[in-house]
Amino acid sequence: MSETVGAIDLRSDTLTQPSREMKEAMMQASLGDDVFGEDPTVRQLETKLAGIFGMEAGLFCPSGTMSNQIAIRLHTGPQTEVICHKYSHVYLYEGGGIMSNSQASVKLLDGAAGKLQVEAIRESINPDDDHAPETTLVSLENTMNKGGGSVYTLEEVRPIRQLCKETGLKLHLDGARLFNALVYSGERPHDWGKMCDTLSICLSKGLGCPVGSVLLGSQATIRKARKVRKALGGGMRQAGMLAAAGIYALDHHVARLEEDHDRARLIAHLLARVPGVSEILPVATNIVIARLDRISPESFLEQLADKQIRAVKFGKDQIRMVTHLDIEDRHLEAMEQRFAQWKVRF
Ligand SMILES: *Cc1c(COP(=O)(O)O)cnc(C)c1O
């Protein structure tokens, strides 16, 4: 049975292959030169996504790293500081871009499940003092990748937004997986649009597109963002083929994220029974993080790979599995069988 399934790749939700229907939508896209602002499909995607979140404008970018870095560039600069969680993607996984693109300092905070608490932020805002960089930005991540796909609720973010308003700070939301959070919480996109100055959404994660992210903000912000995107080399020409995949995904791949979340919970149950797994972080969305004892992540992953199951190391004693569009029930059935036959070597 599991032989017919073959490899089960849970390393990331970026691994998805565009479906035949998505490719057809890409082939039919009307195209133009987007650096001239003339690609109708890119414009349609930007307007559509801005509309979903009740924000004024959008900017199609080649990656989530670029859309985050553009936002940070707009909200910071030399001798300023951004407050973010020590596990945030913008700090850990964007090649040191905050420093190289914006020349800004970073204040890293801790917080359970990768989330920031409003009081911790309040205490970290620098005083108006010659010694200190000027705090100008708070950057949040929802869902929080390294927090195990954890979800901020509106109730948690509202006081942070309020604090930012009172103190004149900008708020950026790295919403690479914000749709996963919304499907989990049932909250409305419009309410999240009101929570931040800039919002980055990834199309190439759970939504299953080959390429692309969109930065959302006010008209004035996105006007400036276009210039930064150009300087970073992210101005694309007939990008409508890629944008068409995004439009298709927004129409067809949002509600189904629930299935990814259900399967992640099932994987957590299966993993919990494997010898060597000491703990599973609470699963909210499509990310499962397992903590190991008596066995290294390397050895665990190698033995998993022998069973044609792939995952990634995620910290010194943890592994991560991510469900996505190309993981179906038959894969989980095969996984259960392969786990049952697994004699873990310590
Ligand atoms: C994937 C991801 C990004 C953007 O990554 P790219 O690979 O550059 O598109 C940003 N933030 C989070 C939390 C992510 O998981």
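Which backbone nitrogen lies 2.9 Å from a polar atom of the side chain of His85? I looked it up, and the nitrogen belongs to Tyr87. The cut-off I used: a polar contact is a pair of N or O atoms within 3.5 Å, and within protein one must be able to donate a hydrogen and the other to accept it, while residues adjacent in sequence count only if both atoms are side-chain atoms.

Ground rules first. This is a predicted model, so I note that local features need pLDDT of at least 70 and side-chain atom pairs count only at pLDDT 80 or more, while totals for chains, interfaces and linings use all residues. Residues are numbered from 1 along each chain as its sequence is written, and side-chain values use heavy atoms, with hydrogens and water left out.

**His85**

I found His85 in strand β3 (residues 80-85); helices (H or I, at least four residues) and strands (E, at least two) are DSSP runs, numbered from the N terminus. His85 is buried at a relative accessible area of 3% (buried is under 20%, exposed over 50%, partly exposed in between, with a 1.4 Å probe and protein chains only). Leaving out residues up to four places away in sequence, I see His85 touching Leu108, Asp110 and Met144, among others (contact: heavy atoms within 4.5 Å).

**The sheet**

Next I traced an open sheet of 4 strands, antiparallel, in the order β9-β10-β13-β12 (two strands pair if DSSP finds at least two bridges between them). β9 (277-280) and β12 (312-313) are the edges, each with a single partner strand, so one side of each has no neighbour in the sheet. Helix α14 (residues 297-306) packs on this sheet and touches β9, β10, β12 and β13 (318-322); its direction makes about 40° with that of β13. Axes are lines fitted to C-alpha atoms, for helices over the stretch in contact, and angles run from 0 to 180 degrees between N-to-C directions.

I then checked the pairings. β9 and β10 form a hairpin with 6 residues between them, joined by 3 bridges. Val277 stands opposite Leu292, and Ile280 has Ala290 as its bridge partner. β10 and β13 share 5 bridges, with Ile289 opposite Arg320. In β10, 5 of the 6 residues are buried, so the strand is largely enclosed by the rest of the structure.

**Helix α15**

Last, I looked at which residues of α15 are buried: His331, Leu332, Ala334, Met335, Arg338 and Phe339. Down the helix axis they fall within an arc of 160°, so they line one face of α15 (the arc is that of the directions from the helix axis to the C-beta atoms).
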